[in-house]
Amino acid sequence: MEVATGIAAASWVDFNRGKKRATAEMIEAVCLAWPEHALWLTAGFEDPKYGHLSPEHKEVPKSNTLYFQAVLHEQSLRQKYADEWVKSDLGDDFNLQNFSPFDSQFLVRNVHHLLSPVPQDLNAARAHTIRAEKMRQIDLITENTIPVLDYEETEAILPALQRMLGNLAKSHQVHDEETTFTLNEERIKQVLEEVKASIEKHKKQTDFIEKLRADLNKL
């Protein structure tokens with residue numbers, strides 16, 4: 001826990017033994033280390049379709065995990081550069097902590113407008129987040145929307161999903177998690193191919209039944 005959260009092991013030992021309640025810092029650290037469980041931990045309920053799960057779930061959708069990790073990485077870079085901008089503009093005695101929560105978050109969100117040029121790692125992190133978000137959208141449609149559609153509706157939406165996935169594959173970035181991204185793309189591609197095969201099978205069955213009905217009507 002100390003390695004995962006950066007909070008001393010003694011604090012976790014005391015918490016585990018019931019000697020102290022979890023502090024806000026401990027809760028925040030756990031949410032940052034396992035963002036897929038943050039909603040359940042802080043609010044007590046899940047939203048499985050969007051990757052917000054309790055620890056009882058053995059598997060977390062990979063696209064949701066990638067998206068959460070990408071957002072947190074980008075956020076940490078934004079905070080770093082916003083803090084550096086404050087120090088360079090106001091002096092070393094100042095940092096984001098000198099601002100109200102609203103103002104500091106405003107600086108973090110808009111730090112790319114304050115820097116010229118924008119640091120390369122921040123641009124890369126933003127591109128990574130956008131890509132992860134698009135992959136998550138495709139995954140959500142594949143896992144949650146397609147199962148409730150009929151064959152005709154699925155056939156109509158399938159080409160758009162395949163185009164989205166193809167465009168996503170063309171936007172590869174050099175990143176530590178590139179292999180994970182590629183594996184996730186291949187997983188979604190396989191699911192879409194299976195859906196396509198199922199549609200083709202259904203169309204053949206439908207054509208056969210229609211032909212059989214037509215032959216029976218001739219008798």
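The axes of helix 5 and helix 6 come within 8 Å and cross at roughly 105 degrees. Axes here are lines fitted to C-alpha atoms over the stretch in contact, with angles from 0 to 180 degrees between N-to-C directions. Helix 5 is therefore roughly perpendicular to helix 6, a label for angles of 65 to 115 degrees. Helices are DSSP runs (H or I, at least four residues), numbered from the N terminus. This is a predicted model, where local features need pLDDT of at least 70, side-chain atom pairs count only at pLDDT 80 or more, and totals for chains, interfaces and linings use all residues. Residues are numbered from 1 along each chain, and side-chain values use heavy atoms, without hydrogens or water.

Helix 5 brings Gln75, Arg78, Gln79, Ala82, Trp85 and Val86 to the contact. Helix 6 brings Gln105, Leu107, Val108 and Arg109. Contact means heavy atoms within 4.5 Å. By class, five of these residues are nonpolar, three polar and two charged.

Helix 5 (62-90) and helix 6 (101-109) each give two or more residues. Helix 6 gives the most, with four. The lining has four nonpolar, six polar and one charged residues.

The largest pocket has a volume of about 260 Å³. Of its 13 lining residues, Met1, Trp12, Phe15, Val30 and Leu41 are the closest to its centre. Helix 2 (9-16), helix 3 (24-33) and helix 4 (38-43) each supply at least two lining residues. The lining divides into eleven nonpolar, two polar and no charged residues.

Methods: On a 1 Å grid over the protein atoms alone, a cavity is a set of points where a 1.4 Å probe fits but cannot get out, and a pocket is an open set with protein on both sides within 12 Å along at least five of seven lines; lining residues have an atom within 4 Å of a point. Grid points are joined across faces, edges and corners, and a volume is the space filled by probe spheres set on the points. Ala, Val, Leu, Ile, Met, Phe, Trp, Tyr, Cys and Pro count as nonpolar, Asp, Glu, Lys and Arg as charged, and the others, Gly among them, as polar. Angles under 35 degrees count as roughly parallel, over 145 as roughly antiparallel, 65 to 115 as roughly perpendicular and the rest as oblique.
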